[in-house]
Amino acid sequence: MMTEKETATEKIITDSMANPSPAKSMGEPGITPLSPSHTQNDTDQVPSGPSFVVVVAIDFGTTSSGYAYAFTKEPECIHTMRRWEGGDPGVSNQKTPTTILLTPDRKFHSFGYAARDFYHDLDPSESKQWLYLEKFKMKLHTTANLSIDTDLHAANGKRVKALDIFAYALAFFKEQALKELSDQTGGDFDNNDVRWVITVPAIWKMPAKQFMREAAYKSGLVSRENPEQLIIALEPEAASIYCRKLRLHQMVDLGTHTTQNGCSPTENVGSGMTQAKENVRRNRQSRTFLVENVIGELWAELEEGDRYVVVDCGGGTVDLTVHQIRLPEGHLKELYKASGGPYGSIGIDYEFEKLLCKIFGQDFIDQFKIKRPAAWVDLMIAFESRKRAAAPERTNPLNINLPFSFIDYYKKFRGHSVEHALRKSNVDFVKWSSQGMLRMSPDAMNSLFKPTIDHIIQHLTELFEKPEVSDIKFLFLVGGFAESLLLQQAVQDMLQGRSRIIIPHDVGLTILKGAVLFGLDPSIIKVRRSPLTYGVGVLNRFVEGKHPPEKLLVKDGTRWCTDVLDIFIAADQSVALGEMVKRSYTPAKPSQQVIVIHVYCSEKEKAGFISEPGVRKCGTLRLDVSGTESTAPRREIQTHMQFGDTEIRAMAVDVSTGRTVKASIDFLSH
């Protein structure tokens with residue numbers, strides 16, 4: 001089995017957690033490696049799992065959500081969801097607002113336009129009892145220590161469990177999609193025949209991605225026993241997959257010098273988009289998109305090793321991902337770990353709110369939101385449609401309807417009129433129009449966009465300075481916020497022709513369509529970057545001068561160094577999807593009945609000890625070996641970690657008896 005020389009490199013896994021040197025107080029020893037390197041990186045591919053009849057992708061967005069599907073027998077037909085009731089003037093409604101309404105006794109009432117309209121029609125005294133939530137997805141990104149118990153605040157200030165809200169929303173989508181599939185197929189459609197795909201931002205941390213999966217289990221979308229029925233896809237990856245299929249007539253190319261889509265590039269950015277919107281509007285009647293089973297012309301220009309950037313600009317976050325092409329199959333390889341931040345289009349809504357606070361006073365706005373929540377929602381809807389009309393060349397002002405109850409409540413609150421407030425505020429760009437509207441000059445509107453766009457441009461600039469990100473052929477601008485002409489112009493100015501900017505038509509649905517394609521063939525993404533370092537806590541032979549003295553532990557005459565982190569995979573390392581890393585250990589004490597292995601993770605690439613700041617325990621494997629005899633002189637315990645879509649599965653196997661224990665790495669318990 002092992003030579004004397006090899007046993008000298010033994011390490012022991014410890015059950016240690018606290019600082020600085022907890023192992024000293026430990027009763028049970030752990031386990032030691034069987035071989036010096038004990039790193040076998042077998043890339044066992046994940047089995048493809050059961051076959052599904054249909055793939056349904058849900059784009060659960062910060063501001064709007066929707067689903068699309070394709071039958072596995074006709075993978076080139078992607079159907080987007082049925083039209084929803086409701087809808088706003090000036091806003092295309094392929095997706096529905098991500099808004100949810102619960103009854104006063106906290107039962108699910110409605111989602112989307114239906115929730116918004118019902119809430120709006122409630123009497124103000126009554127609406128205070130109802131729980132209305134919008135833009136709540138950002139909470140998963142911004143909560144530092146997210147857990148299953150994280151709360152959200154409804155519009156009336158009451159707290160609700162985030163997990164319940166996400167589960168209600170997913171259950172709603174499940175019901176809508178199954179209803180539509182049943183109508184299409186003329187019978188009751190079985191949920192077991194569906195492979196579900198949910199998209200999340202690439203920059204989300206692991207707890208947020210796991211939270212989404214937990215919500216899916218709670219909603220009944222899939223069961224814990226059948227985890228592979230749900231794929232958690234990264235938004236920019238989904239966009240990337242769709243962009244491969246783009247034909248020239250399905251996009252706007254901001255960087256060419258030839259006429260395309262019937263307008264020359266020297267014309268204002270907007271004209272290409274207007275044309276694009278027209279095409280989209282014509283195709284809107286049909287909800288089925290034909291994705292030709294060819295690689296688009298654009299993609300055909302890409303060669304082995306070419307790089308491109310996907311900039312996914314959504315409501316809440318902006319994700320930047322750099323991909324590289326691997327031929328012959330054209331698989332995608334993630335070159336640089338996803339970056340970005342909370343710079344989505346809701347940043348503009350916050351700026352508008354700040355502007356209102358400046359004019360009418362923070363105290364009034366805070367009160368108004370609580371006392372007249374439905375009217376506040378109305379005001380933000382009015383702003384939303386004007387926000388979409390902002391453009392670099394615009395000269396005429398934008399008018400925003402102030403709800404009557406705003407004007408009325410302000411007068412009661414302050415004792416003078418809204419008009420008076422506008423006159424005496426030192427905000428030049430906003431005037432009161434005789435029709436009872438806020439009149440904003442184009443400059444005023446553009447200044448609301450500025451902080452958010454500046455963040456995005458700063459991020460892009462930093463990304464393009466990285467050595468891995470040299471000579472980028474294309475920049476795909478996707479996500480709902482990508483429709484903004486101000487953003488397009490800013491990206492163009494920043495790139496100065498360094499790479500071509502491509503905007504797919506119907507850019508808000510790019511991710512949804514790509515997610516369906518991904519569900520039909522998950523093997524398309526081959527290599528990702530690990531967002532974290534993973535390893536297990538071990539003991540090493542103590543080496544004088546090399547190991548810190550406070551980590552010394554003497555046990556049965558052997559000198560050990562405690563708390564060492566034995567790394568399985570490091571942050572930012574390339575990981576093939578489904579890759580399995582295996583290590584072999586043996587119990588330090590042959591009489592040990594239970595073997596405990598702790599899994600740790602850290603955002604740092606190099607972490608030496610489990611007691612370092614930022615290293616946290618994220619899983620435990622307990623293998624009971626009592627009542628079994630090992631035939632080998634030393635019992636072999638194999639530890640495997642498999643890196644899947646967004647989940648990491650760990651497993652320990654007692655080789656002589658075949659006993660196995662599995663654990664999913666848990667990022668949500670503290």
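What share of the contacts in the chain with a separation of 6 or more comes from residues 24 or more positions apart?

1. The share is 72%, where contact means heavy atoms within 4.5 Å. This is a predicted model, in which local features need pLDDT of at least 70 and side-chain atom pairs count only at pLDDT 80 or more, while totals for chains, interfaces and linings use all residues. Residues are numbered from 1 along each chain as its sequence is written, and side-chain values use heavy atoms, with hydrogens and water left out.

2. The chain has 670 residues, of which 57% are buried; buried means under 20% relative accessible area, with a 1.4 Å probe and protein chains only. Its secondary structure comprises 17 helices and 35 strands, taken as DSSP runs (H or I, at least four residues, for helices; E, at least two, for strands) and numbered from the N terminus.

3. T317 sits in the loop that links strand 17 (307-313) to strand 18 (318-326). T317 counts as buried because its relative accessibility is 8%. Leaving aside residues up to four places away in sequence, T317 touches M138, H141, P201, I203, D312, G341, P342, Y343 and G344.

4. Helix 10 (residues 346-360) and helix 15 (residues 442-464) have axes that come within 8 Å and cross at roughly 135°. Helix 10 is therefore oblique to helix 15. Axes are lines fitted to C-alpha atoms, for helices over the stretch in contact, and angles run from 0 to 180 degrees between N-to-C directions. Oblique is what remains once angles under 35 degrees (roughly parallel), over 145 (roughly antiparallel) and 65 to 115 (roughly perpendicular) are taken out.

5. On the side of helix 10, the contact is made by G347, I348, E351, F352 and L355, and on the side of helix 15 by L448, F449, P451 and T452. By class, this contact of helix 10 with helix 15 has six nonpolar, two polar and one charged residues. Ala, Val, Leu, Ile, Met, Phe, Trp, Tyr, Cys and Pro count as nonpolar, Asp, Glu, Lys and Arg as charged, and the others, Gly among them, as polar.

6. Three strands form an open sheet in the order 20-22-21, with antiparallel pairing; two strands pair if DSSP finds at least two bridges between them. Strand 20 (398-401) and strand 21 (430-433) are at the edges with a single partner strand each, so one side of each has no neighbour in the sheet. Direction ignored, neighbouring strands of this sheet are turned by 30° against each other on average.

7. Four bridges join strand 21 to strand 22 (residues 437-440) in the antiparallel sense. V430 has M440 of strand 22 as its bridge partner.

Conventions:
Buried means under 20% relative accessible area, exposed over 50%, partly exposed in between (1.4 Å probe, protein chains only).
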